[in-house]
Amino acid sequence: MATLSNSPAWPVRIGFARRDPADAVARENSTPVWKWLYATAVGALALRLIVALWAVRVGHPDEIFQYLEQAHRLVYGYGFVPWEYQFGVRNWLLPGVLAGLLQILHLVHIDSPDTYIPLLNSVFSVVSVSAVFSCYAIGRGLLGETAGRAAAVLAAIWHESLYASISPRPEILTAYAILGAFALCVTGPAMRRATWIGLLLGAAIALRPQYAIAAAAIWAYTLSRWKRQHALPLIVACLAVPSLAGFLDWWFWGEPFISYLNYFEFNSTYGVSDLFGDKPIYWYAVRLTAASLGLFPFAIGHGVFIWRRSWPILLLIACVLIPHSMIGHKEDRFVFLAILPVLPLLAEMVVNRIAWMRSIAVVWIGAVVVVGTAYGGVLKRDDHLNAWLDLSRRSDVKAVLDLTGPYWASGGYYYLHHDVPVYFPQVLGQLPRSDLRLFVSHIIVSAPDASIPGFRIESLHHGVAVLAQVSPPSAYRRLETYTREMPLRALDGRFTPRIRAAF
């Protein structure tokens, strides 16, 4: 006689079945790569080329004087020399690459700032599109295909990514490199990918040693995720670019890796970084929250909620924010690497939450992008830099006086492109205004102060005027104190360069 059982002979689902997030990601990642990914990248490039061809701005003075100005000096033989290049505190890896690009343009007779500046900006824009592919791969690999697609779109339009797209600063390029290595890691193991990951992480460490902790986290994550057979190419490739940087230090400064040692000594031992300000430990958290209109902490909180899938992203962000928050001198640009990994978390929040939350998130993100683009200076055309470009077009420039500010606020010879003396406000103590015409052919001055005896207004750039001599002398005098070396006053007389500068 059969007995009755309380258990059914077939599976029965009662209520809502709980879906395993990892299974959902695996199912989505089995699908082909998104067919609109390249169209999204082309759209991202189009936006960035608009910025590259229209904007006339400098995100930070280092962008010009630490890198582009030194590249100009390598190719054309003249330029300002900031204190870092007098004391051997900078490696020539990035300026050398930029000099290579300038040299290529020089060989085809593209020697005008009106041409080579937008062309180089366009090259940087192409490099910045890599963030679209990286965010897609990271989102797809960790959070699912739909999240990856949304992350690619966000990376294409995000205002901070657009702003940084024409910047050749090491913190920007290093962010692309580490994010690219992260994307290759989650895409899947392969010998060729291991080599590329090593090269990207090695380049990141060589360009910005402050990101070494973040690079080490991705390196360790890759080794833990992949097979041991990939360790050797990963390690060997990772050493390649730092070895090149060490060779460049030996070539330019006379000793391998001396620029990194000098950087640490000047900032940690001598406290030079303290001269540029000291901010509280929570400063980055406040700045990132304000720049995203509150989205940054919201995305981090969402990442914690789904930590089983997002913990590698959270680890990368923490490896950037925590060490930099411990350092007194803080600037927004130092933590650019913490911004891009947030985009896959925002994307997951949009595509995988309930409908009403999704709608709020889309509107919120849209507001951040529009406000950030409109008021964040993405398409800014700086009047001061336009005045320098105006002088670069003139053939009668013999000497320039810029009364609008210090040298680091100018465009440098990268914008001027005339091998002539350039003076700044500090020389006025040695030079009466009545004698200006004997020393300079052109003056850059704020428009309200444009009346100077012996000079006429040559052009106006909103709040900045370019003045030219009314009756130029047959020859110009040169101040005895004129120099293109621009030291930091706090260092004058305190330190002596311990390097052999080859250039």
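**Close-up views of a nonpolar patch and an open sheet**

**View 1. Helix H2 as a contributor to the nonpolar patch.** The largest share of the nonpolar patch, three residues, comes from helix H2, in what is a predicted model. Helix H2 spans 37-54 and helix H8 spans 145-157, and each of these two helices supplies at least two residues of the patch. The patch covers about 500 Å² of surface and is made by Leu47, Ile50, Trp54, Val153, Ile157 and Leu379.

**View 2. Leucine 379, a loop residue of the patch.** Leucine 379, which is one of the residues that make the nonpolar patch, is found in the loop between helix H19 (355-375) and helix H20. Because its relative accessibility is 39%, leucine 379 counts as partly exposed, a class that lies between the limits of 20% for buried and 50% for exposed.

View 3. Five strands form an open sheet in the order E3-E2-E4-E6-E5, and their pairing is mixed. Strand E3 (422-423) and strand E5 (455-461) are the edge strands, each of them pairing on one side only.

**View 4. The pairing of strands E5 and E6, with helix H20 packed on the sheet.** Strand E5 and strand E6 (residues 464-469) run antiparallel and are joined by six bridges; arginine 456 has alanine 468, in E6, as its bridge partner. Helix H20 (residues 383-392) packs on the sheet, where this helix touches strand E2 (400-402), E3, strand E4 (442-446), E5 and E6. The direction of helix H20 makes about 25 degrees with that of strand E6.

How values were computed: Residues are numbered from 1 along each chain as its sequence is written. This is a predicted model: local features need pLDDT of at least 70, side-chain atom pairs count only at pLDDT 80 or more; totals for chains, interfaces and linings use all residues. Side-chain values use heavy atoms; hydrogens and water are left out. Two strands pair if DSSP finds at least two bridges between them. Helices (H or I, at least four residues) and strands (E, at least two) are DSSP runs, numbered from the N terminus. Contact means heavy atoms within 4.5 Å. Axes are lines fitted to C-alpha atoms, for helices over the stretch in contact, and angles run from 0 to 180 degrees between N-to-C directions. Patches are made of residues with over 30% relative accessible area and no salt bridge: like charges are joined within 9 Å, nonpolar side chains (Val, Leu, Ile, Met, Phe, Trp, Tyr) within 5 Å. Accessible areas come from the Shrake-Rupley method with a 1.4 Å probe; for residues, only the protein chains shown count as cover. A salt bridge is a side-chain nitrogen of Lys or Arg within 4 Å of a carboxyl oxygen of Asp or Glu. Buried means under 20% relative accessible area, exposed over 50%, partly exposed in between (1.4 Å probe, protein chains only).
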